[in-house]
Amino acid sequence: MATVTAMPARSRKQVVGRSRRTLAAAVALILFAIVLPFIPPFTGQDYQRYLVGAAYTAALAVAFDFTAGYIDIVNFGFAAFVGIGAYTSALLAVDLGLPPGLGLIAGAGAAGLVGLATGMLTLRLRGIYAAVMAWFVGLALMGLVRNLTDITRGSMGLNVPRLLGTDDNLPYYYVMLALLLVTIAVLTYVIRSNVGLAFRAIGQNLQAARASGINPTRFLVLNFTLSCAFAGLMGGFYAHYYTILTPDLMSTTRTIEVLAVAYIGGRGSLWGPAIIAFPLYIGTELLRTQLASLPGLHLVLYGLLLIVVMVYWPGGVAGVVRKTALWWERRSEKAADATTSSAS
Amino acid sequence: MLKITGLESGYELLQVLWGVDLHVDEGEFVALLGPNGAGKTTTLRAIAGYVPALHGSVTFRGQQISGMSPNKVSAAGIGYVSEALNLFPSMSIYENLLVGAYTVKDKAKIKANIDLVYELFPRLHERSGQLAGTLSGGERKMLAIGRGLMPSPSLLLVDEPSLGLAPIPTLAAFDALKQLSKRGVTILLVEQNVNTTLRIVDRAYVLEQGRIVLEGTGEQLLGDTHVQEAYLGI
Amino acid sequence: MTTATNLRTVPLARRFLTFTWGVVALVVLVLAIALIFQPSIFVDTLVTGGMWALMAGGLALVFGVMNIPNFAHGEMFMIGGLVSWVIYQPIRDAFLNDPKNMFLQVVGPIPGILVAAVVGFLVGVLLETVLFRALRKRSRDQWVMNTFLLTAGVSVMLVNGDRMVFGNDYRGVPRYWDVHSLQILGVPVAVDRIAVFVIAMISIGVFSYFLQRTRTGRAMRAVSQDETGAQMAGISLNRIFMLTMGLSCGLAALAGAALLSIFPNSPDVGVQPLYLAWYVVILAGLGNVQGAIAGAFIVSLLQTLAVTYLGLGWVDVAPTAVIILILLFKPSGLFGSEVKGVWEQ
Ligand SMILES: Nc1ncnc2c1ncn2[C@@H]1O[C@H](COP(=O)(O)OP(=O)(O)OP(=O)(O)O)[C@@H](O)[C@H]1O
Ligand SMILES: [Mg+2]
């Protein structure tokens, strides 16, 4: 793949330095996420519930960004795949008594399969057509779940057993955090591999990618399927954590919430959405509980932030961080140059 | 009427014009010649307001027009017939002409101008109901020129009317321009077809690599050795 | 003078053998059968179809002229209903206190509906001048997708803004015109629904006339076909964009206001109309306004059939399935499309 040896010595040192710094930052962030529940005010059950929700949102945003940011397909039916995973896992547990842990895997598999089928249909289209197609497939899936009341109980809601034998939020937080980290790790691994290179090539210029011998459809479908499978995995967690399921979980509004987090965090970075989800989710949840007299305020903020990002701030938070890092590197490079030249 | 001084312009990553000076007087028929990629189209686009001027000025009847949006330039009385023509493919010839007269309020004037265009290009009259997207290359050129004439511009910028045309339609297009010029329309024409052009225009400029390198009457330039070597293959 | 001669060059028989005309013929056939055996299907199709035509026509217009796939179109429907409700309430109270006041009873709903359309227009103008113009200035890269997401943000904001200010309750009126139903083809039809149909027909007529025959309407079509060409003719893009967005949103708000008695206002009342408008627009081909108006009746028929034979829960699922098939096999829509170059954007 990337032939490091071909680079001039200085930039190789830079690259190594950069990746070491990135690794350090990642480890620090993970440690921070692990100790966070022991730092007030996060020691309280309420705050720990927010933490679970934040990690859950983060994982969804990462899975969403995996398609939106890398192959440039906006999966407007994303929430439906979360729902497929949730209902699969829940129904297996309710009707067959399958342990929730296995249910999560089954949910991921089911969502992945439906994602595979949808991808094979959708990804012949590009841009807005693909987005609209995914949107409509999502609506149709939601319609099915809503109407097959014999199985899903529809809008009446389905009661689901808990994942762990406890009501304490802390263990759920660690399970969700682990799921989030697994998601990031797997998807980052894929992105760094040859496959990821193909994703980028396709996302940037489909024709050019095709001309250079990449079969775009295969990669597009692979990406879409993976993203949907992770969505399904999180859906399973959702079902066994919140313990009540309604088809609303699959609505377009839910997709847009995830989409907003992904874009605010910064498209095409994975870590941007993952990190921004925490302050965003916890902040808006606090707003929601503090200002219960203003229902919807937190979503107004989501909408507003999404608008601002789309109009003025296309790279989101990750874009700003990247630019700052670049600026910083240039500056320190210049400083280094200045010292070496004055020394000689 | 039109006066350009020290115009520098271009695209995001590429400056194309490096100080163009030219002027067109009332009633004149002026050509702008030059090799491919010299910046002729860019000059017209800069006049018409589609690319910004980085330096220099463009004035029209003493009024500064560089920096104006294209529709304002058009409303100021400069018609522009682009290389790509930019017709409205799903509209009929007649409707294309009507849109061309968007800035004209007077119905009688619109009608008179349509009659004028039809007189100049009887072909358009015959096919007035046909959709522009289905016209032949020559007919499209006629329609584009006709649409450019609809607001009765005092200056008409025409970009390579001969492009992609067979010899006979090319001659017809030149003929139409000559007629227009006789009727008092001031024209700035961009052309590759140097020989014919120099025979019908009053004056011409030669643009090379974003700079004006020669200027003179048609006859002067026909006799110029550089023009003969580089453009006429003599 | 403006007969389209190019149509004549295609043999008549072949034109009628195409997929599109097959579908149209099928729709006409179903409607004809319905007319004989179950006139209520016929009536329902026409009444709701008219309103979806207003919604979808506006959506198609904005896509055709500005290349914006408006996700917030349903919220214009919601705003229309809200405005009409706010204005109509006091009028209604007035004539409920004075039941003999025939004038108020007959004319009362009209101001609300008209003001709703005007407010919708203004909201559209605001969206264009504040948001789309700013984005256009920054960059037109990936314009279609970016505006789609931008309008998704607008939608979330408006829905929840409404929830924040007015709460989650339904705000409806039982009827605008509280009189006996009329019998049409043996089917009792509420006067409200007849009024809805009449409003839709008048608006569609005026809208089509505006696009086809007026100077500004022609300029809109010109911009949709070639922006540069339109500018050459002295048309200000900003002005046309503003008017287009205003007109589109105004039509949606008008539909929301006219349908207030059937769709009581609530923050997410716009969701279903949005889906329907999108179904229609996909069916007709993105950006094809005339096709959208025709397609609205097809979708309305699908919906009516689904409700009649499958039950209320399937009202969206059945059309969705059909639309997915159309997207798969004929993504340019049943009626082709005037828009070019939207594929890879
Ligand atoms: N939109 C654009 N973006 C970037 N560069 C451009 C653009 N349009 C033209 N150019 C470049 O600007 C230069 C001048 O182009 P221009 O079209 O003005 O040449 P021209 O003299 O009209 O040539 P021709 O006779 O071939 O039409 C060319 O090198 C061209 O590649
Ligand atoms: Mg040129």
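User: What makes a residue count as nonpolar, charged or polar, and how do the residues of the shell around ligand 1 divide?

Analyst: Ala, Val, Leu, Ile, Met, Phe, Trp, Tyr, Cys and Pro count as nonpolar, Asp, Glu, Lys and Arg count as charged, and the others, Gly among them, count as polar. In this predicted model, the shell around ligand 1 divides on that basis into five nonpolar, six polar and three charged residues.

User: Which elements of chain B supply at least two residues each to that shell?

Analyst: They are β2 (14-24) and α1 (40-48) of chain B, and α1(B) gives the most, with three residues. In total 14 residues surround ligand 1, and the closest include N36(B), T42(B) and Q192(B).

User: How do you know that N36(B), T42(B) and E160(B) make polar contacts with ligand 1?

Analyst: A polar contact is a pair of N or O atoms within 3.5 Å, so each distance can be set against that cut-off. An N or O atom in the side chain of N36(B) is 2.8 Å from an oxygen atom of ligand 1, a polar side-chain atom of T42(B) lies 2.5 Å from an oxygen atom of the ligand, and for a polar side-chain atom of E160(B) the distance is 3.2 Å; each value is within 3.5 Å, and therefore each pair qualifies. As for cover, the protein hides 61% of the 640 Å² of accessible area that ligand 1 has on its own.

User: Why is the pair of Y238(A) and Y242(A) called tilted?

Analyst: Ring centres must lie within 6.5 Å to pair, and planes under 30 degrees apart count as stacked, those over 60 as edge-to-face and the rest as tilted. For Y238(A) and Y242(A) the centres are 4.7 Å apart and the planes make 45 degrees, so the pair falls into the tilted class. The two residues are four apart in helix α10 (residues 216-242) of chain A, and are therefore separated by about one helical turn.

User: What makes the pair of Y241(A) and Y242(A) edge-to-face?

Analyst: The centres of Y241(A) and Y242(A) are 4.6 Å apart with 75 degrees between the planes, and because that angle is over 60, the pair is edge-to-face.

User: How do you know whether Y238(A), Y241(A) and Y242(A) are buried or partly exposed?

Analyst: Buried means under 20% relative accessible area, and partly exposed means between that value and 50%. Y238(A), at 12%, is therefore buried, and Y241(A), at 4%, is buried as well, whereas Y242(A), at 28%, is partly exposed.

Methods. Residues are numbered from 1 along each chain as its sequence is written. Chains are lettered from A and ligands numbered from 1 in the order in which they are written. This is a predicted model: local features need pLDDT of at least 70, side-chain atom pairs count only at pLDDT 80 or more; totals for chains, interfaces and linings use all residues. Side-chain values use heavy atoms; hydrogens and water are left out. A residue is near a molecule or strand if one of its heavy atoms lies within 4 Å of it. A polar contact is a pair of N or O atoms within 3.5 Å; within protein, one must be able to donate a hydrogen and the other to accept it, and residues adjacent in sequence count only if both atoms are side-chain atoms. Accessible areas come from the Shrake-Rupley method with a 1.4 Å probe; for residues, only the protein chains shown count as cover. Rings of Phe, Tyr and Trp (its six-membered ring) pair if their centres lie within 6.5 Å; planes under 30 degrees apart count as stacked, over 60 as edge-to-face and the rest as tilted. Buried means under 20% relative accessible area, exposed over 50%, partly exposed in between (1.4 Å probe, protein chains only).
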